[in-house]
Amino acid sequence: MGRVTLQTIADRVGVSRMTVSNAFSRPDQLSPTLRDRILAVADELGYVGPDPAARALAKGTTGAVGILLTDSLSQAFSDEVATTFLGAIADELASTGLGLTLLTTNTAGNVIPARDVAMDGAMVYSCDPENLGVDWLLRRKIPLVYVDQIPAEGIPAVNVADRAGARAAAQHLVDLGHRRVAVVTSGIRGRHGLIGPDDSADVIDGYVAGQRLSGWLDALTPAGIAPMIARRPHGDPDSGYQAAQLLLAADEPPTAILCFSDALAQGVMEAAVDLGLTVPDDLSVVGFDDSPAAARMRPPLTTVRQDIHAKGHAAAAALTRSIEAGRTGDDPPADHLCLPAELIVRASTAAPRS
């Protein structure tokens, strides 16, 4: 038998081509008995359904939404925070029939994913604000949602109370009596290495980085603490370890370190152990995120919890609302949601040795 089409099935069943089409795309238009009969014949003939590309062209939709990531896909899949976030998005989209397409900010030859991949809308997740992928999505005028980005007028945004969470983490160390406090962070652009407190602007290359640094300083500055900052390349799995080596080799090493993420904090703790130090007796360590790994670390990590599941669900729901508004001609919602952050005190922090 040659190529099986809707007409092939219609001729076999003895109905119109439109009736067969309805069996796949508008099942409520047919009786259950007739639809089952059509699907049975289609299965017998090896027909899997209308061509997805043709269906998308007819509907004017792709059935897919994108998420723009700064990291490579391999890095996104190796980071527990990112995978938890992506899983929450997938859960929220499951009932909508929309598929999730991961877009990196890297280009492959002449292909620019943010410009060339077909999608009904996109989420921009913690991307470098200077990245051209964000600009391409804006120029396409498709529905967007910003996540961990600087809120923009007219675009729904989902953020976390990063500044308040970081402030609570730093205040926790101040209240314990620490006065030699350092910061470990990472970034794409700007300086790497040890950065003095007067040059803290050099560590900012994204909204979240700025918010967390401001929060730490909110608590440290009134206590008279000017933190040394160790900044390493973003995406390097050894960044936390290397940053700790720089800080702990100083003439007056810190007694406590605030980390941009739990992943960096894990590297800091490993470096401390390799240098013969004990956490928290010799060095207190605080992370951020409360990733699944935080409670598994030894000792368990004091950190700032953000609800990663809630962030993913909220971002996907906001995007589907914007896509639906575009289809109906309504004004798209542009709500800015800020989720809470909570300090979780575990065994990696204690008062400094006298």
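Predicted model: local features only at pLDDT ≥ 70, side-chain atom pairs only at ≥ 80, totals over all residues.
Does R212 count as buried or exposed, going by its relative accessibility?

1. R212 counts as buried, because its relative accessibility is 4% and the cut-off for buried is under 20%. The residue sits in helix α10. Leaving aside neighbours within four places in sequence, R212 is in contact with D162, A166, F260, F288, D289 and Q306.

2. Strand β6 covers residues 181-187. Of its 7 residues, 7 are buried, so the strand is largely enclosed by the rest of the structure. V181, V183, T185 and G187 point one way. A182, V184 and S186 point the other way. In a regular strand, side chains alternate between the two faces of the sheet.

3. β6 pairs with two strands, β9 and β8. With β9 (residues 256-259) there are 4 bridges, and the strands run parallel. With β8 there are 6 bridges, again parallel. A182 shows both pairings: its bridge partner in β9 is I257, and in β8 A182 stands opposite M228.

4. The largest nonpolar core holds 45 residues. V184, W216, L258 and V285 touch the most other members. At least two residues of this core come from each of α9 (162-176), β6, α10 (207-220), β8, α11 (239-248), β9, α12 (262-274) and β10 (284-286). Nonpolar side chains tend to be buried together in soluble globular proteins.

5. V184 deserves a look of its own. A second, separate core has 23 residues, including L69, L86, M123 and L339.

6. M228 belongs to strand β8 (residues 228-233). On the surface, M228 forms a nonpolar patch with L194 and L246. Together the three have about 230 Å² of accessible area.

7. Helix α2 spans residues 17-25. Its buried residues are T19, V20, S21, N22 and A23. What covers them includes α1 (6-13) and α3 (32-45).

Technical notes: Residues numbered from 1 in each chain as written. Heavy atoms only, no water. Patch = residues over 30% accessible without salt bridge, like charges linked within 9 Å, V, L, I, M, F, W, Y side chains within 5 Å. Areas by Shrake-Rupley, 256 points an atom, 1.4 Å probe, with all protein chains shown as cover. Salt bridge = Lys/Arg side-chain N within 4 Å of Asp/Glu carboxyl O. Buried < 20%, exposed > 50% of the residue type's maximum accessible area, 1.4 Å probe, protein only. Pairing = 2+ DSSP bridges. Core = buried A, V, L, I, M, F, W, Y, C linked by side-chain atoms within 4.5 Å. Contact = heavy atoms within 4.5 Å.
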